[in-house]
Amino acid sequence: MAHTETTQTTRRDFLYIATGAVGAVGVAGMIWPFVAQLQPDASVLALSTTEVDLSPIQEGQIITTQWRGKPIFIFNRAPKDIEAARAVQLSQLPDPQLDQDRVKKGHDNWLVVVGICTHLGCVPLGHQGNYDGWFCPCHGSQYDSSGRVRVGPAPLNLAVPPYAFNSDTKITIG
Amino acid sequence: MKKTILLGAAALALLFGAPAFAAEGHDDLPHRESWSFAGPFGTYDTAQLQRGFKVFREVCASCHSANYLYFRNLAQEGGPHFTEAQAKAVASEYQITDGPNDQGEMFQRPGRLSDHWPAPFPNDPAARVANGGALPPDLSVIAKARASHVGFPGFITDAFTQYQEGGVDYIHALLNGYVEAPEGVTVQAGLNYNKYFPGHQIAMPKPLSDGQVEYTDGTPATLDQYSRDVAAFLMWAAEPYLDTRKRIGFQVFVFLIVLSGLLYFTKKKVWKNVAH
Amino acid sequence: MEGHSTYQPKNKVARWFESRLPLVGLVHSSAIAYPVPKNLNYFWTFGAILTLMLVVQIVSGVVLAMHYTAYAPVSFARVEHIMRDVDFGWMIRYIHANGASMFFIAVYIHIFRGLYYGSYKAPREVLWILGVIIYILMMATAFMGYVLPWGQMSYWGATVITNLFSAIPYIGETIVQWLWGGYSVGDPTLNRFFALHYLLPFMIAGVVILHIWALHHVGQNNPDGIDVKSIAKDTVPFTPYATIKDTFAMVVFLLFFSWFIFYAPNYMGHPDNYIPANPLSTPAHIVPEWYFLPFYAILRSIPDKLGGVICMFGAIVVLLFLPWLDTSKVRSARYRPLYRQFFWIFGIVAVGLGYLGSQPAEGGYVIASRILTAYYFVHFIIILPVLGFIERPKPLPASIADAVLAKGGATVVAGASAPQTKG
């Protein structure tokens, strides 16, 4: 008698557990589409590359363009800007990085950075501050002519987006 | 009570049936064709969509817009599924107006994947003027925006047979429906007689004829084949996720049947010792 | 069911919390210990199904609102954007669009169950009236939701329905302009409909809470329509008995729902709504969504504009008075041989009106609509009050437990006379 009871209990428990488990899988499966819809949609993804023509940018000029809705600074640096950037000792930088690593080889005058302050996301102002680079009006961070942070609360250098030169005067960002 | 139900059923049948029969023979209803994407396991035929795209591009698109169709869609899975390079090549053959540039001027540039299919006319009034006063409708969702009238028993059985191809059947029929106007019918100036168009007088002249579009894959270059292919293409344009939808639907069905089975036995077990 | 919960948490922290806010006790008393009559059939699972549908509609709707824009020149394109670009956007939109129809299918079954088993009679009048209010809110919500894709049916449906108010003498025209926010249905109308379409479901949820509160206060009706005499003999606890049965029914309903989402997503819709709204051209044949068709038929059957509008709203308002129009003391149609027949006739009339609402308003259809409309009101205003006096009900069982035992002994007979399957 007792033996039979035990088997019955086990079988019933198994049924309950199986039903519960399958139900849980179903709930998880149902949640997924409602989470997946939050990610960037196909029309946003289709715009994820931007082509920029560099020919109209004069030496010493900074232009702002857009990539994925973010400002991108393109700086046609004069030789003195490059020299200044390369003369700095890495030990003086909060986020040490060589200027050579922030530009494409053979196109050393072109600096392409995401124009968003690494502190809290404001857009820094060009040709301002003490380092011939950018000055962020929100909390006073300053960047040099290589877009590297020199002073202020920002922890990192301005980010370099993925880009490539299609020709000497054309780049594709993204 | 059985009698009441029977009586009621008879009354309902009269109510529904009589007018349905009376309406028959009024119009030529589009024939229900067989489509690769019909039914629970239906999927688009990639080769057919590619042919349909060719017909659409060379014939339809010269008057009709398709504003919700993007060049990037052409490379989409479950669609014509061209390679990305092919889709880019198609896009670059079109000039897209962009701008304004730094000088404040609009300019032309080759199309990109992110551009939508360029409309043949800059705006609706321009389209009307060029088409004798009639506006060629946008074709992006036309396959879902058209259907033929379904009478009483049909609209119920369609729910069980999953008939969702009313639009493509209509498009196919319409393209094949240009015939001589029957005697006694005067076709108005600028209009054409079509067997399947509501009212039978359509502004669009017969758009397709045998041999008009070149097929390279050995498919017969006939009006019937063109209209079939282009209708399938327009169905895809209107419902680009049909393949995915039916695939997920099958998974959902298998899952829900298993779960309902388990729940049924659980419910029986729980209620076993209760008279109810 | 009511009063203070007898629930006593074992855990110390839980006891501390419970003595300050008896939340767990509330859930325990209404979803676990709440006594459910033993003899409920599967028609009683539609309350749970409707709750599920409300949640499905709110969740899918909130998600759609994240991608939609209520601005006349772009709304149609935004819906297509959801269908084409958003991950699973097509699925969520088809869930929401077909979900509305499923919601109404479930609510009609729920209402007709109430009519058959007399669930509106004392002491459940307030419960019933709250239900009618939910139904009215649902219709308003569904109507405004149908406007949002800004297709041809959206636009012209909105035009026709808002014009109903122009039938009001003297101030009608002003009211309609005020509803539109302009001189025709347009962008301001779309915007306010979107705002209200987002708001009303939460009002529905609020009334649903009152509806469930009222239900749990008076207790459920049952297929035999008799009161619970002994909690121990006549009822079972909500959990696990009703919980598992409701869950099973919900999953079966989801199967039915999925058929439309995945295999016939546009079956319930109208093709004209895939044509962008055009204020200069009315579709050949305007029809509302299927769930409004009986009322639409009533509207069109009356040759007078104001009369038609009054009859259409009257057809819903009459439901509010049903508890007092039905004079019979016996609840369930099981024990009311005459009422049972009139119930089925009424059901056929309602379906018939629905069919007529989908047909063009001409010739024989108009005459048929008038006959059925007249019968609709006769049913409530004449037949139901009179029946209570002339009908001789069958003897009622002494208790639910007795009814269950009797049925167990004579399954075949019960199965033949009762139209519902037994749970």
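**Exercise 1. In this predicted model, determine which residue of strand 10 of chain A is the bridge partner of A:Asp53, and describe how the two strands concerned are joined.**

Solution.

Step 1. The bridge partner of A:Asp53 in strand 10 of chain A is A:Lys170.

Step 2. Strand 10 of chain A covers residues 170-173 and is joined to strand 1 of chain A by four bridges.

Step 3. The two strands run antiparallel.

**Exercise 2. Assign the residues of strand 1 of chain A to a covered or an uncovered face.**

Solution.

Step 1. Strand 1 of chain A consists of residues 50-53.

Step 2. A:Thr50 and A:Val52 form the covered face.

Step 3. A:Glu51 and A:Asp53 form the uncovered face. A:Asp53 is also the residue whose bridge partner in strand 10 of chain A is A:Lys170.

**Exercise 3. Characterise the contact between chain A and chain C by its residues, buried area and polar pairs.**

Solution.

Step 1. Count the residues: chain A contributes 11 and chain C contributes 13.

Step 2. State the area: about 990 Å² is buried between chain A and chain C, and carbon and sulfur atoms give 71% of it.

Step 3. Examine the pairs: there are zero salt bridges between chain A and chain C, while four residue pairs are in polar contact.

Step 4. Locate the contributing elements on chain A: helix 1 (2-36) and helix 2 (42-46) each supply at least two residues of the side that touches chain C. Helix 1 of chain A gives the most, with four residues.

Step 5. Sort this side of chain A by class: seven residues are nonpolar, three are polar and one is charged.

Definitions and conventions: Residues numbered from 1 in each chain as written. Chains lettered and ligands numbered in written order. Predicted model: local features only at pLDDT ≥ 70, side-chain atom pairs only at ≥ 80, totals over all residues. Heavy atoms only, no water. Contact = heavy atoms within 4.5 Å. Buried area = accessible area lost by both parts, 1.4 Å probe. Salt bridge = Lys/Arg side-chain N within 4 Å of Asp/Glu carboxyl O. Polar contact = N/O pair within 3.5 Å; in protein donor to acceptor, adjacent residues only side chain to side chain. Nonpolar A, V, L, I, M, F, W, Y, C, P; charged D, E, K, R; others polar. Buried < 20%, exposed > 50% of the residue type's maximum accessible area, 1.4 Å probe, protein only. Pairing = 2+ DSSP bridges.
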